[in-house]
Amino acid sequence: MLRDVLTHCFGPNVARLYTWHSYRSGLATALHAAGVDDGMIMLICRWMSPESLHVYRRMGTAENERHTRRAMAANVDLIQSTNIPKVMGDQAAPAHRTH
């Protein structure tokens, strides 16, 4: 039925681009952009698992940019021990030479 309506309104090339999943994804994305919490989005879109929400809900460019700008300004003061270079003896110390 959706394809028939879209074909009638926009033609077959446009109708092939959309499915009911497209509209559910669009609705989930719009709800997220409007600040609706994930639980309510799942309820409205009739999803049983959070995995569905993460597959279909999209983040817009403005939201992505906002999060990225906040990340750039964040103070990250932690180090994972696997990322710390190993120093044995004085191998990291510069050689001190006197001539």
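Mentor: Start with one term: a residue is buried when its relative accessible area is under 20%. By that cut-off, 16% of the 99 residues in the chain are buried. Keep in mind that this is a predicted model.

Trainee: What is the pattern of the chain, read along the sequence?

Mentor: It reads α-α-α-α-α-α. The chain has six helices and zero strands. It exposes about 8600 Å², and carbon and sulfur atoms supply 59% of that. Among contacts with a separation of 6 or more, 22% join residues 24 or more positions apart.

Trainee: Let us take helix 3. How do you know that its span agrees with its number of residues?

Mentor: Helix 3 covers residues 20-33, which is 14 residues. The expected span is 1.5 Å times one less than the number of residues. That gives 20 Å, and the end C-alpha atoms are 20 Å apart, so the two agree.

Trainee: Which residues of helix 3 are buried?

Mentor: Ser25, Ala28, Thr29, Leu31 and His32.

Trainee: How do you know that they line one face of the helix?

Mentor: Look down the axis of helix 3. The buried residues fall within an arc of 165°, so they line one face. They pack against helix 4 (38-45), helix 5 (50-56) and helix 6 (61-73). The face turned away from this buried side carries Trp20 and Ala33, which are exposed. Just after helix 3, glycine 35 takes a positive phi of about 85°.

Trainee: Why is alanine 28 called buried?

Mentor: Its relative accessible area is 0%. The cut-off is under 20%. Therefore alanine 28 counts as buried.

Trainee: What does alanine 28 touch, leaving out residues up to four places away in sequence?

Mentor: Ile41, Cys45, Trp47 and Arg57. Take arginine 57: along the chain, 29 residues separate it from alanine 28. Yet their C-alpha atoms are 5.1 Å apart.

Trainee: Now the rings. How many aromatic pairs does the structure hold?

Mentor: Two. Tyrosine 18 and tyrosine 23 form one of them.

Trainee: Why is the pair of tyrosine 18 and tyrosine 23 called tilted?

Mentor: Two values describe such a pair: the distance of the centres and the angle of the planes. Here the centres are 6.0 Å apart, and the pairing limit is 6.5 Å. The planes make 40°. Stacked needs under 30 degrees and edge-to-face over 60, so the rest, including this pair, is tilted.

Trainee: Are these two tyrosines buried or partly exposed?

Mentor: Partly exposed, the class between under 20% and over 50%. Tyrosine 18 has a relative accessible area of 35%. Tyrosine 23 has 41%.

Trainee: What makes the pair of tryptophan 47 and tyrosine 56 stacked?

Mentor: Their planes are 15° apart, and under 30 degrees counts as stacked. The centres lie 5.5 Å apart.

Trainee: Why is tryptophan 47 called buried, and tyrosine 56 partly exposed?

Mentor: Set each value against the cut-off of 20%. Tryptophan 47 has a relative accessible area of 9%, so it is buried. Tyrosine 56 has 23%, so it counts as partly exposed.

How values were computed. Residues are numbered from 1 along each chain as its sequence is written. This is a predicted model: local features need pLDDT of at least 70, side-chain atom pairs count only at pLDDT 80 or more; totals for chains, interfaces and linings use all residues. Side-chain values use heavy atoms; hydrogens and water are left out. Helices (H or I, at least four residues) and strands (E, at least two) are DSSP runs, numbered from the N terminus. Buried means under 20% relative accessible area, exposed over 50%, partly exposed in between (1.4 Å probe, protein chains only). Contact means heavy atoms within 4.5 Å. Accessible areas come from the Shrake-Rupley method with a 1.4 Å probe; for residues, only the protein chains shown count as cover. The arc is that of the directions from the helix axis to the C-beta atoms.
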